[in-house]
Amino acid sequence: MNPHLTAAIVLATIPALITLGYAVLCWVKPVKPCQRCAGTGHITTRVLRRPRACRRCDRGHRLRTGRRVANYFRRLRTEAHQ
Ligand SMILES: [Zn+2]
């Protein structure tokens, strides 16, 4: 087999597998723990150190970027078919 062809196949397969793995991850686990509040859902204020609800997430969970993109395209498709 041609070594250039083998290299091209490997170079095309690895990013495809990574993308497929991320798509499966977004499908199986669409939310991830919030990095700002470490999944607790609240942060402490700087001055008084009082707990306050985290504004970035919903009770410690954030939607993954890939899932957000998938939801956007699904919404576009349903709007186009109405
Ligand atoms: Zn948070």
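Colleague: What makes Arg 59 exposed?

Modeller: This is a predicted model, in which local features need pLDDT of at least 70 and side-chain atom pairs count only at pLDDT 80 or more, while totals for chains, interfaces and linings use all residues. Residues are numbered from 1 along each chain as its sequence is written. A residue is buried if 20 or more other C-beta atoms, placed from the backbone, lie within 10 Å of its own, exposed if 12 or fewer, and partly exposed in between. Arg 59 has 12 other C-beta atoms within 10 Å and is therefore exposed. Arg 59 lies in the loop between strand 3 (51-53) and strand 4 (61-63), and has a positive phi of about 55° although it is not a glycine.

Colleague: Why does Ala 38 count as exposed?

Modeller: Ala 38 has 11 C-beta neighbours inside 10 Å, so it counts as exposed. Ala 38 sits in the loop between strand 1 (31-33) and strand 2 (42-44). Its phi is positive, about 55°, although Ala 38 is not a glycine.

Colleague: Which term applies to Pro 15, buried or exposed?

Modeller: Pro 15 belongs to helix 1. With 9 other C-beta atoms within 10 Å, Pro 15 is exposed.

Colleague: Why are helix 1 and helix 2 called roughly perpendicular?

Modeller: The axes of helix 1 (residues 3-28) and helix 2 (residues 65-80) come within 8 Å and cross at roughly 80°. Angles under 35 degrees count as roughly parallel, over 145 as roughly antiparallel, 65 to 115 as roughly perpendicular and the rest as oblique. Helix 1 and helix 2 are therefore roughly perpendicular to each other.

Colleague: Which residues of helix 1 and helix 2 meet?

Modeller: Tyr 22, Ala 23 and Cys 26 in helix 1 meet Gly 66, Arg 67 and Ala 70 in helix 2 (contact requires C-beta atoms, placed from the backbone, within 7 Å). The residues of this contact divide into four nonpolar, one polar and one charged.

Colleague: Why is helix 2 said to lie largely in the open?

Modeller: Of the 16 residues of helix 2, the number buried is zero, so helix 2 lies largely in the open.

Colleague: Which element has the highest mean pLDDT?

Modeller: Helix 2 has the highest mean pLDDT (95) and strand 3 the lowest (91) among the elements of the protein chain; pLDDT is the predictor's confidence in each residue, from 0 to 100. The protein chain averages 92, and 100% of the residues score at least 70.

Note on methods:
Axes are lines fitted to C-alpha atoms, for helices over the stretch in contact, and angles run from 0 to 180 degrees between N-to-C directions. Helices (H or I, at least four residues) and strands (E, at least two) are DSSP runs, numbered from the N terminus. Two residues are in contact if their C-beta atoms, placed from the backbone, lie within 7 Å. Ala, Val, Leu, Ile, Met, Phe, Trp, Tyr, Cys and Pro count as nonpolar, Asp, Glu, Lys and Arg as charged, and the others, Gly among them, as polar.
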